[in-house]
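Please open the model in your viewer and keep the selection tool at hand. The stops below are arranged so that each selection leads on to another.

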Amino acid sequence: MKRFILTIFFSIVAVIPIFAGQINVYTALEDDQYPIYLESFKKLYPDIKVNIIRDSTGIITAKLIAEKSNPQADVVWGVSATSLLVLDQYKLLAPYSPKGIDRVLPQFKDKGKAAKWVGIDAYMNAFIVNLPEINKRGLPIPLSLEDLTKPIYKGLITMPNPASSGTGFMFVNGILQYMGEKKGWEYLDKLHENIAQYTHSGSKPAKLAAQGEYAIGISFGYRGLKEKSKGAPVEVVFPKEGSGWDLEANALVNKKQIKPEAKIFLDWAISDDVMPEYFKNFPIISIKHNFSIPEGYVKEPVKQLMKNDFVWAASNRERILKEWQNRYDSKSEPKK
Amino acid sequence: MKKPYLRLDGITKRYDNKIVLNSVNLEIKKGSFSCILGPSGCGKTTLLRIISGIEQLDEGLVFLEGDDITDLSPSKRNFGIVFQSYALFPNLTVSENIAYGLESRKKFTKKDKKQIVKNMIKLVHLEQEKDRYPYQLSGGQQQRVALARALAISPKLLLLDEPLSALDAKVRIELRRELRRIHDETGITTIMVTHDQEEALTLSDHIVVMNQGNIEQIGTPDDVYSNPKNPFVASFVGTMNFLKAGEDFFGVRPEKLTILKAPLADSHPAEIIGYEFRGSYYRVTVQIISGKYADNEVIVDTPSEQFVDTLFSSGKKIYIDISEKDLIIFSPYSGFPSLKGKNRFFDDNL
Amino acid sequence: MKVFNSDRTIVKNFLFFYVSFLLVTLILPMFNIFKQSLLNSDGDFVMFSNFVEYFHSPHLLHSLWNSILVSIITTLISVFLSFVYAYAIYHRKIGWSYLFNFVAILPLLATTMMHGISLVYLFGNQGFFSKIIPELLNEILGTNFSLHIPIYGFLGIIISEVIYTFPQSFMILAIAFSFADKRLYEAAETLGASPIKKFFTVTLPSLKYGLLSATITNFILSFTDFGAPKIIGGTYNVIAVDIYKQVVGQQNIPMGATVGIILLIPSFIAFIADRFIQNKRSITFTSKSVPYTPKKHRIFDNILKLYCITVAILILLIIGTSIFASFIKNWPYNFQLTLEHYTFKDVAGGMESYFNSILISIYTAVTGTILIFSGAYLVEKSKIAKLFKSTIQLLALLPLAIPGLVIGVAYILFFNTVEFNIMGFNIVNPFNFLYGTYTIMVISNIIHFFSVPFLTALTGLKKLDNEYETVSESLSVPFYKFFTKVTLPMSITTIIEIFFYLFVNSMVTVSALVFLYTYETRPATVAIINMEEAGDVAAAAAMSSLIIFTNLIFKVIFDLLMKSFRKRSDRWLKH
């Protein structure tokens, strides 16, 4: 009888793939970015199987928190620094200074003796504007945050939901820190009047703008430039007031069994094997370099960044999101 | 006396506290053909299913050739069973159906099996139909296949559960003879369940009459017909008149009574109140007017010519001859349910 | 002399395995989700405060009303449309029934996301009818006409759900119509009833239960559908998407469980109502019914035919648009035909997710068919105690009442827990290893789609004489031999039907899987959601098309197989 049950049991279990020397890497890097980054790792460490779990920043963050009693991830790679600080509050990060951390500029890494997180690059908000759609309506290209709230753009703008999207959160966070909370929410109220849709991901507003489905998308620079390079009739605008931004950073997940492969991965993730690849997509990387700025970005990208206090952002994240949902998520009617 | 082949000892079966079989004892001789006869709901099919092992019993023991087989599963008993619904496998041909039970028996070679199937097909006269599917066969042919399938495994016992009752009258009679012939040819001990007394009378060596979970009588057909132990058996097997005379209670078969034009020594004046033509004879309903059996209503089977003659010459007023030697004496309270109205006699089950 | 009986031991073992399987995959996860809905995020017992919070959250409450409104309107439209459609084909017998039937059930072979995607291409801001046609007209006529269709939101959800639910109610009503009893119509005619009177006195009453059943089914399907509102809902929130947002977007598990329970309640009521109706219905239909053939009425029948053609074209348009758009280089700027969207380069999931779906669907179909058929066999044919039979039957029908989203949430809650705290004891969860595997997705599919094929199997097995087993046993043929030699060949059409049902539904389902996938195991439907979330609509259309192509191929194979096998088994069972 036992054998009979075991046979059935194992025939079901047999479906599960089993690999040796594997790590689970949670990332918010884009679907069209990380496979290219990973190429060099696969070449260098063919024996280590990397399982990538990719989702929007908010979701990866929430997933890690939800799994806190039984962390599935070994490594967090390319997730916003704000989120990592949130994760640290849950004691989910293990301190580890990867090889070569000395090269990383101090403002791009954890101040602790053994760093809990290490930045790789910075990314920033941008508007992606569909030119034919704007021209057809005879509208000017919005150049500033202030422009976006003008009634002429009513129903033409999409932006990511900050609860699910890191891009969305860094936009809201940027506004609140730049304008102060009171004025910031007033601004978002006005912007809300013009928003046609809040999307799940940060990329989607850029793609909707590229397709002309909605003329203006609040997204991030890389996505807009990528769409433009693919031939979409769009202009990528970095707003006059500055851009909300965040770091993409790595961390080791605090769990019972920390695998040596996880550390190897983290060492590699800030090495010269991959840094130039990050730079191809983002103008600001966490080490000193003399690469030339990728095409389409502002000339001095660091100046484009708004003021951003990561610690403030992390400790207020939950409150901001709740406030945001109560203000805007209950919107029932689709905007005309 | 020889030891019985099959012996049932105190078989009791209940369904939801309702007793279906009430401590039944039965012995069956080797090579015999027995019929279990009774009205529907009397427990006869349950008894057969208990013999086969399909049904679990609550109390009692089953012995085959002296061995206790009570707890043996049907598959270990090696009995052949034929159901009323034939239960032929619709996706198998006649030959495949017959070969079905042989397949997992390792004692036969392939050649053996082929030979057995061939013999069986011959035995039931289905040479022409051996490659057909059940849906292409008539009801009688299907039942022959079922029979052959059961016989192919050379069963120790052949159990037939109302095998003929789904067939038309003509096919039934034909197949009845076939059953007997096959039994005589193979010599396999056979038990058949039926509610048809004619079937039981014509076919079997022994009849087991059952009623309400009890065996009422066991005997040869002649024995059961001529000497019924009680009014139930008397009325269930054949047709029986019941007469009341004071405290006495008799039974008499309709063919034992005679209609007379004129009185004789022992005759009783009577009046014809109805009759029906039955081919070679008339079944006449008669009311006895006076004498010992006054007020009894009886039926009399009278040869046709004789009855027409009587009716022509005497009209409705006749005499009826009741011979004492033909009377079966029952005790007044032998459990017969009612003597009033139409229950006064039981017609055969046709 | 007690004899060891191997057949009965196998049955006993199997029964044990079966009940444990359903316990682990159905009872415990469902029990757990109920429990979780009464806990806060730290795992403390808080009674109904999650529900209180739910009813005090304006955005969540609003979604509930939205869902109810959408479902009611969808149901009204869909039942009406399918009623007339079924009436025309099965009652008036206007002809072309194979074609009309085929088109009507096409949406079953597609994911609901596909309807949403097509609507974007047809009526979105760059849509065919909302942009391309008006601009073309403006160019020709020199006018300045513009059309705005608010397709994102209420309207889009309604259209998608009508397409989604149409085939379901059509099938229910088709069966109801084909049971129409000729004798009743003849009786009405001899009594001089007019056609209208006949419709109201004979046709409608005989369809009462069919209509009720269709209404309930449609309401629940649209109430619990996640795919279409996710794509086309815009800012119009519905409860099904809320669960996703709570669980996936915010990982707010207790609130996810709470919303899940709220989603479950109407489904459960409907389930009980539908069971009740099914029981009634089986009483009203007698096997003696004589099929009805109406008198032809040319004008009326032609109007009906026109109606059916229109509906069929609309369905084909919705399905076809995504297929068409998947071959367009860059809608609406570059209408060159291309296959590049089928490479799934740089988009979530990629081609692997398609193969994942195939793998999951095949596993679901194979193991599901075995489990479901053997379970039905246990209930219908075996000699196990009545109590076990009715327990299995009840458990087998229970999934009808549980929306896929709830199964998904229940599964992550149950299988992702390492240790359960039961009355102060920490007990290691032995099933935790299933989390994040293909296996858990296969199991969730099997449970999600358990009931309908289970009923199919029961019906199929009922046609087989109960004495077959007895005969076989008396002939000392082992059970497995009987099963392969008689039961399987006799049930082949039932088995194919179950296999097909499980395969097709596993290919198109997203609701439970969206909570259970990992990067490695992501199925095509989840990839569609991810692609759409990232704005890769053309790739999402291409993936949707791949799914429907696959299912169409299966459907053709299925029809051919069924045709040949059914002929044979119908003949076998002819008496």
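This is a predicted model: local features need pLDDT of at least 70, side-chain atom pairs count only at pLDDT 80 or more; totals for chains, interfaces and linings use all residues.

Residues are numbered from 1 along each chain as its sequence is written, chains are lettered from A and ligands numbered from 1 in the order in which they are written, and side-chain values use heavy atoms, with hydrogens and water left out.

**Salt bridges**

Over all chains the structure holds 50 salt bridges, a salt bridge being a side-chain nitrogen of Lys or Arg within 4 Å of a carboxyl oxygen of Asp or Glu. Select Asp32(A) and Arg223(A), whose side chains form one of these, at 2.9 Å from N to O. Asp32(A) sits in the loop between strand S1 (22-27) and helix H2 (34-44) of chain A, and Arg223(A) in helix H10 (residues 221-229) of chain A, so this pair ties together parts that are 191 residues apart in sequence; helices (H or I, at least four residues) and strands (E, at least two) are DSSP runs, numbered from the N terminus. Both Asp32(A) and Arg223(A) are buried, where buried means under 20% relative accessible area, exposed over 50%, and partly exposed in between (1.4 Å probe, protein chains only).

Next select Lys259(A) and Asp74(A), which meet in a salt bridge of 3.7 Å, N to O. Lys259(A) is in the loop between strand S10 (245-253) and helix H11 (260-269) of chain A, and Asp74(A) in the loop between helix H3 (57-66) and strand S3 (75-80) of chain A, so the bridge ties together parts that are 185 residues apart in sequence. Lys259(A) is partly exposed, at 31% relative accessible area, whereas Asp74(A) is buried, at 2%.

**Surface patches**

Move to chain C and select Lys563(C), Lys567(C), Arg568(C) and Arg571(C), which form a positive surface patch. Patches are made of residues with over 30% relative accessible area and no salt bridge, with like charges joined within 9 Å and nonpolar side chains (Val, Leu, Ile, Met, Phe, Trp, Tyr) within 5 Å. Lys563(C) belongs to helix H23 (residues 537-573) of chain C and is exposed, with a relative accessible area of 65%.

Which residues make the nonpolar surface patch of about 790 Å²? Select Phe128(C), Phe129(C), Ile133(C), Leu136(C), Leu137(C), Ile140(C), Leu141(C), Leu314(C) and Leu317(C). Helix H6 (128-141) and helix H13 (298-325) of chain C are the elements that give two or more residues to this nonpolar patch, and H6(C) gives the most, with seven. Ile140(C), found in helix H6 of chain C, is exposed, with a relative accessible area of 65%.

**Cysteines and a buried threonine**

With a disulfide taken as a pair of cysteine sulfur atoms within 2.5 Å, the count over all chains is zero.

Finish at Thr74(C) in helix H3 (residues 58-91) of chain C, a residue that is buried at 0% relative accessibility. Thr74(C) is 288 residues from Ile362(C) in sequence and 32 Å from Ile362(C) in space, C-alpha to C-alpha.

Definitions and conventions: Accessible areas come from the Shrake-Rupley method with a 1.4 Å probe; for residues, only the protein chains shown count as cover. Lys and Arg count as positive and Asp and Glu as negative; His and the chain ends are not counted. The place of a charge is taken as NZ of Lys, CZ of Arg, CG of Asp or CD of Glu.
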